[in-house]
Amino acid sequence: MSDFTVLNPATGRPVTTVTEAGAEAADAAVARAVAAQRGWSAVAPADRAALLRRFAAAVDAHIGELADLEVAGAGHPIGQARWEAGHVRDVLLYYSATPERLIGKQIPVSGGLNVTFHEPVGVVGLIVPWNFPMPIFAWGMAPALASGNTVVAKPAELTPLTAVRIGELALEAGLPDGVLQVLPGKGSVVGQRLVDHPDVRKIVFTGSTEVGRQVMAGCARHIKRVTLELGGKSANIVFEDADLERAAATAPYAVFDNAGQDCCARSRILVQRSVLDRFMELFEPAVKKVVVGDPAVPGTEMGPLISAAHRSRVASYVPDDAPVAFRGSAPDGPGFWFPPTVLAPVGASHPAYTEEVFGPVVTVTPFDDEADGVAIANDTPYGLSGSIWTSDVGRAVRVARAVQSGNLSVNSHSSVRYAAPFGGFKQSGLGRELGPDAPDAFTETKNVFIATE
Ligand code: NAD
């Protein structure tokens, strides 16, 4: 056990200290989760659903408290943080419908019938990144619990506060001991132990592609189920027939939300050459209008970066000779601030164009025609998200089918809804979260033949 000091990213000052678990504590948590799982999966489906609804109600009653924790410990703007806490409630409510709908099939066969059952996998290890501590925790935790599994969750080192509080709320709502445990700790210690522990039967990992690769290799040793939600370098493709005013007005929010620390950030804007100048004229005031400042103040749209180290990393993509077209504002003084930054023109070999910056930096690149736009959009090892702006519905569908990415939006800057599946193509991940089929990833299908002759 050791202590970790959570810093307020807006001030750089300490918020509180959290005790980090070690490998032994992780083993003890897994043992408790194994013991609790038998009882949890035996709870009648309607009762399990009711407990999840009570858990959702407990979250709902503490939205203000959870949001304040996220403002202080992660620098999220208060409006955004309140939405995120409400989203945890909504995801719990959505999956509270699962326990009573985990139904199988009956398959008539010669001499009898086969019936199928969805059995829980057992203990699920949930490894969460720092950029969206509440939503990503909920996306794995809610369907896992609803399907009769128990969960040991490891929040990111930098942002453990809301997950710890949500774990307490689960107990207050009546979830039995050991069903949901939140274990702050280092990725290399607690996270790695969850990957290596033979009694953890599934890992849900969200984080960098680099660590995801290690996690997948670790899971292979035990043929452990794994879902990976990894990095992105998504394109915002603006065609000449688009509503340019709307495309330009929303483009800042497609990439600078959460200060660009968003796996779905549309950090490459691709604009058809014939409307590039007009787009840039509209885009510049939109970027300058983004309200960057104290995340505790209502109306703030963009807060600080998560840490000083991360700010240095983001700044490395904007050296003194970078082709900065224009920038928004950011406060001076303490805190880990970085202004919204637009780079143009940028060559296809520039690191800000090829790598995930995970900060408020966007590149703008022209393309000639539809085929060229799609080719540029797909010229990346990632495939998580993206947007398409056009008034031609046929083109919208054609391009959406051609872009190799898991979550696209047409004439909108956002594509994530809890009722729809979420996940990546290519090196952006493996498996899907959210949507009606998410519980399938937390159950095994069992097939039983019943002789009738
Ligand atoms: P990270 O990979 O450094 O860490 C993610 C989590 O993994 C943390 O909890 C960390 O402690 C843990 N971890 C680190 N080493 C580990 C190990 N050896 N074994 C097990 N766990 C380990 O990522 P990050 O910097 O926290 O998050 C940013 C990254 O996450 C970005 O690349 C971003 O695109 C990605 N992300 C993806 C999605 C998505 O849904 N696709 C969502 C959010 C963030």
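**Exercise 1. Find which residues come nearest the ligand, out of the 27 around it.**

Solution. Take as near any residue with a heavy atom within 4 Å of the molecule. Of the 27 residues around the ligand, V128, E157, S208, L230 and E356 come nearest. This is a predicted model: local features need pLDDT of at least 70, side-chain atom pairs count only at pLDDT 80 or more, and totals for chains, interfaces and linings use all residues. Residues are numbered from 1 along each chain as its sequence is written, and side-chain values use heavy atoms, with hydrogens and water left out.

**Exercise 2. Work out how much of the ligand's accessible area the protein covers.**

Solution. Start with polar atom pairs, N or O atoms within 3.5 Å. S208 places a polar side-chain atom 2.6 Å from a ligand oxygen atom. E356 also has a polar side-chain atom 2.6 Å from an oxygen atom of the ligand. At G187, a polar backbone atom is 3.3 Å from a ligand oxygen. The areas come from the Shrake-Rupley method with a 1.4 Å probe.

**Exercise 3. Decide how α2 and α4 run: roughly parallel or roughly antiparallel?**

Solution. Helices are DSSP runs of H or I with at least four residues; strands are E runs of at least two, and both are numbered from the N terminus. The axes of α2 (residues 45-61) and α4 come within 8 Å and cross at roughly 170 degrees. Therefore α2 is roughly antiparallel to α4, as angles over 145 degrees count as such, and under 35 as roughly parallel. Contact means heavy atoms within 4.5 Å. On the α2 side, L52, R53, F55, A56, V59 and D60 take part, and on the α4 side, A85, V88, R89, L92, L93 and Y95.

**Exercise 4. Repeat for α4 and α5: which way do they run?**

Solution. Helix α4 (residues 78-95) and helix α5 (residues 133-146) have axes that come within 9 Å and cross at roughly 10 degrees. So α4 is roughly parallel to α5.

**Exercise 5. Locate the cis peptide bond.**

Solution. The bond from A344 to P345 is cis, with omega near -10 degrees. P345 sits in the loop between β13 (341-343) and α12 (351-354).

Definitions and conventions. Axes are lines fitted to C-alpha atoms, for helices over the stretch in contact, and angles run from 0 to 180 degrees between N-to-C directions. Angles under 35 degrees count as roughly parallel, over 145 as roughly antiparallel, 65 to 115 as roughly perpendicular and the rest as oblique. A polar contact is a pair of N or O atoms within 3.5 Å; within protein, one must be able to donate a hydrogen and the other to accept it, and residues adjacent in sequence count only if both atoms are side-chain atoms.
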